[in-house]
Every structure is written in structure tokens, then in C-alpha cells.
Amino acid sequence: MTTQSVNVFFQTQSGKAISLNDESVTDGTAQEIQSGGNSLNLVSGVSLGQFAEGEVLTHGLAIFSDAGVYAYILDPNGKIIMPISICPDVSGNRVVPLCRPIRMVTGMTCQILSVDTGGASNPNTGVGFYCTDGSVEYFTAQGTNGSTQQFTSVQTGQSIGQTLSGKVIMKGFVNTALLLDAGETTGFQGIPILSSEGYTKAIYGATYAVGQQTLPQEFPVRVMQNDTMQVTYDAS
């Protein structure tokens with residue numbers, strides 16, 4: 001298995017910066033990232049909520065030395081409550097506002113998933129949604145050459161329609177380790193949401209995780225029970 005280093009930074013309302021760090025993250029394996037940072041005067045190995053307890057996070061960024069699938073914050077009950085913008089190392093990246101300010105309490109954690117630059121580790125494509133009711137959900141898929149693959153929720157294992165039925169998406173964070181239409185024949189360079197009624201409901205631009213920062217795409221999309229979301233990849 002390949003590994004890489006990951007740093008996650010947050011800015012707070014109090015003027016303090018929060019740093020998380022792991023120098024040996026295994027690609028394709030979801031894990032918690034804890035406090036740390038080379039040459040910084042801070043305690044290492046503490047979960048985000050405990051390390052920053054009482055602080056209100058306002059901005060954030062997760063930097064992967066190679067490429068990432070997602071980064072987000074979990075509440076003490078294991079529910080995703082905040083997506084984090086991600087990027088590869090030295091890519092013109094910047095710390096950006098979170099979807100809303102969020103106060104840290106003990107039990108909250110920051111979760112990450114990395115992917116090798118070739119996209120071989122599973123999954124290699126991630127989509128996070130922030131909805132108008134404040135809920136957050138992440139979906140992943142393994143883009144496979146010459147085929148179309150469906151996204152499923154990292155928490156429920158179900159489709160976007162089954163997971164977000166009746167909710168309205170406000171922001172989408174979309175990234176992939178693949179050049180989706182590298183073969184310039186059968187790939188599709190966006191991530192579509194398809195209605196069960198036979199039309200395309202939305203198309204999100206796919207950020208190339210090996211070279212770009214994933215920033216939120218903002219437009220409203222109401223999800224219904226039988227909607228699906230897919231990735232189509234052509235490498236040849």
C-alpha cells in the first residue's frame with residue numbers, strides 16, 4: 001500500500017490557528033487525523049474536538065502530499081457535520097471559509113481519505129454535499145476505465161436519492177484522482193445527478209485532486225428518492 005502525508009489547518013474566531021498532521025497516511029484507508037505539525041509548538045496526537053475545545057472554526061483546508069478523496073468533521077455521535085476543502089501540496093491552495101462557523105467540543109474528530117496519484121486505490125472519486133438544513137453527506141465511487149460507476153454514501157452505503165431524499169443541496173465539493181476523459185472518447189468530465197424521470201438534474205465539475213484545490217460549487221439541487229449520481233471514466 002502507498003502512503004502520503006496530510007496536514008489540516010483551521011482558523012478560529014479567537015485568532016488561533018489549529019493544525020492537524022499525519023506523515024504516514026495509507027491510501028484508500030479512511031482514518032482520523034489528530035493534532036500535530038512539524039516545527040510547531042503544540043501537543044501532538046489529540047483529536048480535533050479535544051485539542052480545540054471551545055474554539056469556533058471559521059476557515060479550513062486539508063492538504064494531501066499526493067491526492068485526497070475527502071476531509072470532513074464528525075460530531076461525537078459519528079455524524080458528518082462539516083466538509084473541508086482539500087488540495088494537493090503546493091497547488092496554489094488557500095484556507096477558505098467553512099460552510100458555517102462550528103464550535104468544537106470533545107468527541108469531534110477530523111476524518112480523511114487519501115488516494116494515490118494514479119487513482120488505483122479504492123475509492124478514487126469523492127463528492128461532499130452541504131444541504132440547506134445544515135446536514136452534510138459524502139459519497140464515493142471507484143472510477144473504472146471504460147465504464148460508469150454509481151456513487152454511494154460513506155455513512156449509509158446507499159445512493160444519493162436514498163440518502164438525501166427530500167433535501168436541497170446548497171454546496172458541492174467534487175474531486176477525483178482521474179482525468180475522466182483522458183481517452184477523449186467515452187469519458188465524461190463532470191459528475192451528474194440523474195433524475196428517475198429521465199433527465200439530468202445537475203452536473204458538477206470534477207476537480208482533479210492531483211493538481212487542484214476542491215472549492216464549493218454553489219447552486220440549489222433538490223434530491224428525490226430515486227435520483228442517482230455517477231462517474232464515467234475513459235483512460236484509453
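Is Ala-67 buried or exposed, and what is its relative accessible area?

A: Ala-67 is buried, with a relative accessible area of 0%; buried means under 20%, exposed over 50%, and partly exposed in between, for a 1.4 Å probe and protein chains only. The model is predicted, so local features need pLDDT of at least 70 and side-chain atom pairs count only at pLDDT 80 or more, while totals for chains, interfaces and linings use all residues. Residues are numbered from 1 along each chain as its sequence is written, and side-chain values use heavy atoms, with hydrogens and water left out.

Ala-67 sits in the loop that runs between strand S4 (56–64) and strand S5, where strands are DSSP runs of E with at least two residues, helices are runs of H or I with at least four, and numbering starts at the N terminus. Cys-87 is 20 residues away from Ala-67 in sequence, yet the C-alpha atoms of the two are 7.0 Å apart.

Strand S5 belongs to an open sheet of 4 strands in the order S3-S9-S5-S6, with antiparallel pairing; two strands pair if DSSP finds at least two bridges between them. At the edges stand strand S3 (31–33) and strand S6 (80–83), and because each has a single partner strand, one side of each is left without a neighbour in the sheet. From one strand to the next the twist averages 40°, taken between lines fitted to C-alpha atoms, with angles running from 0 to 180 degrees between N-to-C directions. S5 and S6 run antiparallel and are joined by 3 bridges. In S6, Ile-80 is the bridge partner of Leu-74.

S5 (68–74) also takes part in the lining of the largest cavity, as does strand S14 (168–176): each supplies at least two residues. A cavity is a set of points on a 1 Å grid over the protein atoms alone where a 1.4 Å probe fits but cannot get out, and lining residues have an atom within 4 Å of a point. S5 gives the most to its lining, with 3 residues. The residues lining the largest cavity include Val-69, Tyr-70 and Ala-71, and also Ile-84, Ser-85, Ile-86 and Phe-173. By class the lining has 7 nonpolar, 3 polar and no charged residues; Ala, Val, Leu, Ile, Met, Phe, Trp, Tyr, Cys and Pro count as nonpolar, Asp, Glu, Lys and Arg as charged, and the others, Gly among them, as polar.

Tyr-70 and Tyr-72 form a stacked aromatic pair, at 4.8 Å centre to centre and 25° between the planes. Rings of Phe, Tyr and Trp (its six-membered ring) pair if their centres lie within 6.5 Å, and planes under 30 degrees apart count as stacked, over 60 as edge-to-face and the rest as tilted. Tyr-70 is buried at 5% relative accessible area, and Tyr-72 is buried at 6%. The whole structure holds 6 aromatic pairs. One aromatic cluster is formed by Phe-129, Phe-139, Tyr-204 and Phe-219.

Strand S15 (residues 190–194) pairs with S16 in the antiparallel sense over 5 bridges. The hairpin of S15 and S16 has 5 residues between the strands, and Gly-198 there takes a positive phi near 100°. Both strands are part of an open sheet of 4 strands with antiparallel pairing, in the order S12-S19-S15-S16. Its edge strands are S12 (147–150) and S16 (200–205), each pairing on one side only. Neighbouring strands of this sheet are turned by 30° against each other on average, direction ignored.

Glu-184, in the loop between S14 and S15, has a positive phi of about 55° although it is not a glycine, and is exposed at 68% relative accessible area. Ser-39, in the loop between S3 and helix H1 (48–51), has a phi near 70° and counts as exposed at 82% relative accessibility. The peptide bond from Asn-122 to Pro-123 is cis, with omega near 0°; Pro-123 is in the loop between strand S9 (109–114) and strand S10 (125–131).

How values were computed:
1 Å grid on protein atoms, 1.4 Å probe; cavity = no way out; pocket = protein on both sides within 12 Å on 5 of 7 lines; lining within 4 Å.
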